[in-house]
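Hi,

Here is the structure we talked about, sequence included. Have a look, and then read on for what turned up in it.

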Amino acid sequence: MPLPLRHCFSFTLLGLLLLGCQDKSAESTPATAAPDATSAGVAPPKVIYDRNKFINQPLVSHIYTADPSAHVFNGRLYIYPSRDIPTDKTPNETGDHFDMRDYHVLSLEKPGDPVVDHGVALTLEDVPWASRQLWAPDATEKDGKYYLYFPAKNKEGIFQIGVALSDSPTGPFNAEPEPIKGSFSIDPAVFKDDDGSYYLYFGGIRGGQLQRWTTGTYSDTDAYPASNQPALSPKIARLSDDMLQFAEVPRDVLLQDEGGTPLLGTDNNRRFFEAAWVHKYNGKYYFSYSTGDTHYIAYGVGDSPYGPFTYKGIVLTPVLGWTTHHSIVEYQGKWYLFYHDAQLSGGETHLRNIKVTELVHHDDGSIQPIVPYSN
Ligand code: FUB
């Protein structure tokens, strides 16, 4: 997780589009008001982007939201996002400026309809083992109970993954007193397979600390693969019947090219960085993820929830802001991509807003790449 090295991309086409947004700002449509900024005593956004340049608008603007995990429960769409907040933490490589302290659950009847904010579902103070940084969560349902999976730093500053329970998809959620045994790193994503098994995917490099677990135990030192070595892998573990623990030791999720060769650590345009998500389409498992410093949502396809997944291409080209994080869900016969950018804050990487757009699978199973800007 990232230094906000840039608020505008250097990629030629997208860079031009965004610079276009910036240049036009003074003369055209005002941006939506940024939430929290005044009340928190934070300076207003430095750059106002032309909202017409974005193909979608923020789903909510009264709070900052990011990392949207969307699910359908009881015929309604629920979103489990991170809630970004202004902070005085200096941006750094370990992501201290992503200083989130609680979660809100959002829901909507269908894309385009008003979004309901169900209020605070879980706060840092209610998680006995956690010290800071409630990053990207996910949720699922089993036998009428709802389970919220979330990462946070423990008292030693090491990311682990916790679970919290509720009788309602909107919470409030009660956190288990300890994190999941054997859990580490960030960005849990839970997938329910057709046979009723539940799997937790997780992991993120840099600020997500995956590079500190290469020996199986935590090390204070980063260990990235050498240039000719396979990339660091995201992890998967089947969940126990009670949904509160791993039923197995987490395994590597292999991402490979069409020839079956593992993607290399230096293959920054294709290798995994963070934000794992799995959906199933026509019997195939689609593993999608952020490439981090190259800012793509990419995907691979496989025949098992464990992979391997063969790289297929791009789901979403870079958005405004350093991070990119998404979910993919089917609802009422259509597929949707939930994602975030930093439009509301004028490009502040840690002050993001969630969006939704339709996602199309072609007849051959490939996904139509989404470009989040109009030209
Ligand atoms: O929101 C904090 C972190 O930023 C998430 O855990 C990452 O996936 C990135 O979106």
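First, a term: a salt bridge here is a side-chain nitrogen of Lys or Arg within 4 Å of a carboxyl oxygen of Asp or Glu. Before the details, note that this is a predicted model, where local features need pLDDT of at least 70, side-chain atom pairs count only at pLDDT 80 or more, and totals for chains, interfaces and linings use all residues. Residues are numbered from 1 along each chain as its sequence is written, and side-chain values use heavy atoms, with hydrogens and water left out.

**Salt bridges**

Searching the whole structure gives 23 salt bridges. R206 pairs with D293, with their closest N and O atoms 3.1 Å apart. (Strands are DSSP runs of E, at least two residues, numbered from the N terminus.) D293 is partly exposed at 22% relative accessible area; buried means under 20%, exposed over 50%, and partly exposed in between, using a 1.4 Å probe and protein chains only.

R206 also meets E93 in a salt bridge (3.6 Å, N to O). E93 is in the loop between strand 2 (76-82) and strand 3 (102-108) and R206 in the loop between strand 11 (198-202) and strand 12 (235-238), so this pair ties together parts that are 113 residues apart in sequence. E93 is partly exposed too, at 35% relative accessibility. Together, E93, R206, R271 and D293 are linked in a network of salt bridges.

Elsewhere, R251 and E248 form a salt bridge at 3.0 Å, N to O. R251 is partly exposed at 40%, whereas E248 is buried at 17%.

Is strand 16 (residues 284-290) enclosed or open? Six of its seven residues are buried, so strand 16 is largely enclosed by the rest of the structure. On one hand, strand 15 (residues 274-281) runs antiparallel to strand 16 and is joined to it by six bridges; two strands count as paired if DSSP finds at least two bridges between them. H279 stands opposite Y286 there. The hairpin of strands 15 and 16 has two residues between the strands, and N282 takes a positive phi near 50°.

Six bridges also join strand 16 to strand 17 (residues 297-302), again antiparallel, with G300 as the bridge partner of F287. This hairpin has six residues between the strands, and G292 has a positive phi near 70°.

**Pockets**

A pocket is an open set of points on a 1 Å grid over the protein atoms alone, where a 1.4 Å probe fits and protein lies on both sides within 12 Å along at least five of seven lines; lining residues have an atom within 4 Å of a point. Of its 20 lining residues, H71, V72, F191, K192 and V329 are the closest to its centre. Strand 15 is among the strands that each supply at least two residues of this lining.

The second largest pocket comes to about 350 Å³. It is lined by 21 residues, with A231, L232, S233, K235 and D252 nearest its centre.

Cheers

Terms used. Helix = DSSP H or I, 4+ residues; strand = E, 2+ residues; numbered from the N terminus. Points joined across faces, edges and corners; volume = space filled by probe spheres on them.
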